Amino acid sequence: MDRLVINNDILFAEVLQRLSEGKEVIIPCKGVSMLPFIRPGIDTVKLGRIDSVKPGDIVLFHLHGRYLLHRVQKVGPKTAKIMGDGSIKFFEICPI
C-alpha cells in the first residue's frame, strides 16, 4: 500500500481549520508518550473541539513548536498540567 507523508505544519494547519469549522478529524498516532493505551503506527485518534477540559481528557496541544497528544492531569484557573500516559515524571504546563 502506498503511503503519503505530510509535513506536520501542513497537516495540523488543516486539522485546526477543520476543528474551527466544528468538524471532527481522525489522525494517525506517532510517538510513544501515550503507551500503552495509544500505540504509534497502529492507533488513530478522533479529535473534536471542546469547550472545557477536565482531568482524564486527552488533548492535542501546541507547545515549543511541537504538536503533542497527552492526557490532562490537573486543571487550574488558566493552565492545565498535561502528561503522556507512558511518563512517570515529565509533564507540561499549558495555557487552557
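## Ground rules and overall layout

Helices (H or I, at least four residues) and strands (E, at least two) are DSSP runs, numbered from the N terminus. By that count, the chain has one helix and six strands, and from the N terminus on they run α-β-β-β-β-β-β.

Keep in mind that this is a predicted model: local features need pLDDT of at least 70, and side-chain atom pairs count only at pLDDT 80 or more, while totals for chains, interfaces and linings use all residues. Residues are numbered from 1 along each chain as its sequence is written, and side-chain values use heavy atoms, with hydrogens and water left out.

## Size and packing

The C-alpha trace spans about 45 × 30 × 20 Å along its principal axes.

Of the 96 residues, 27% count as buried (buried is under 20% relative accessible area, exposed over 50%, partly exposed in between, with a 1.4 Å probe and protein chains only). Take the contacts (heavy atoms within 4.5 Å) between residues at least 6 apart in sequence: 26% of them join residues at least 24 apart.

## A greasy spot before the helix

Leu4 sits in the segment before helix H1 (8-20), and it counts as exposed because its relative accessibility is 72%. Together with Ile6 and Ile10, Leu4 makes a nonpolar patch on the surface, with about 340 Å² of accessible area in total.

A salt bridge is a side-chain nitrogen of Lys or Arg within 4 Å of a carboxyl oxygen of Asp or Glu. The areas come from the Shrake-Rupley method with a 1.4 Å probe, and for residues only the protein chains shown count as cover.

S3 and S4 pair in the antiparallel sense over six bridges (pairing takes at least two DSSP bridges between two strands). Leu60 has Leu69 of S4 as its bridge partner. Val59, Phe61 and Leu63 form the covered face of S3, whereas Ile58, Leu60 and His62 form its uncovered one.

Two residues lie between the strands of this hairpin, where His64 takes a positive phi near 55°, although His64 is not a glycine. His64 counts as exposed because its relative accessibility is 75%.

## A cis proline

Pro36 belongs to the loop between strand S1 (25-28) and strand S2 (44-47). The peptide bond leading from Leu35 to Pro36 is cis, with omega near 5°.

Key: Patch = residues over 30% accessible without salt bridge, like charges linked within 9 Å, V, L, I, M, F, W, Y side chains within 5 Å.
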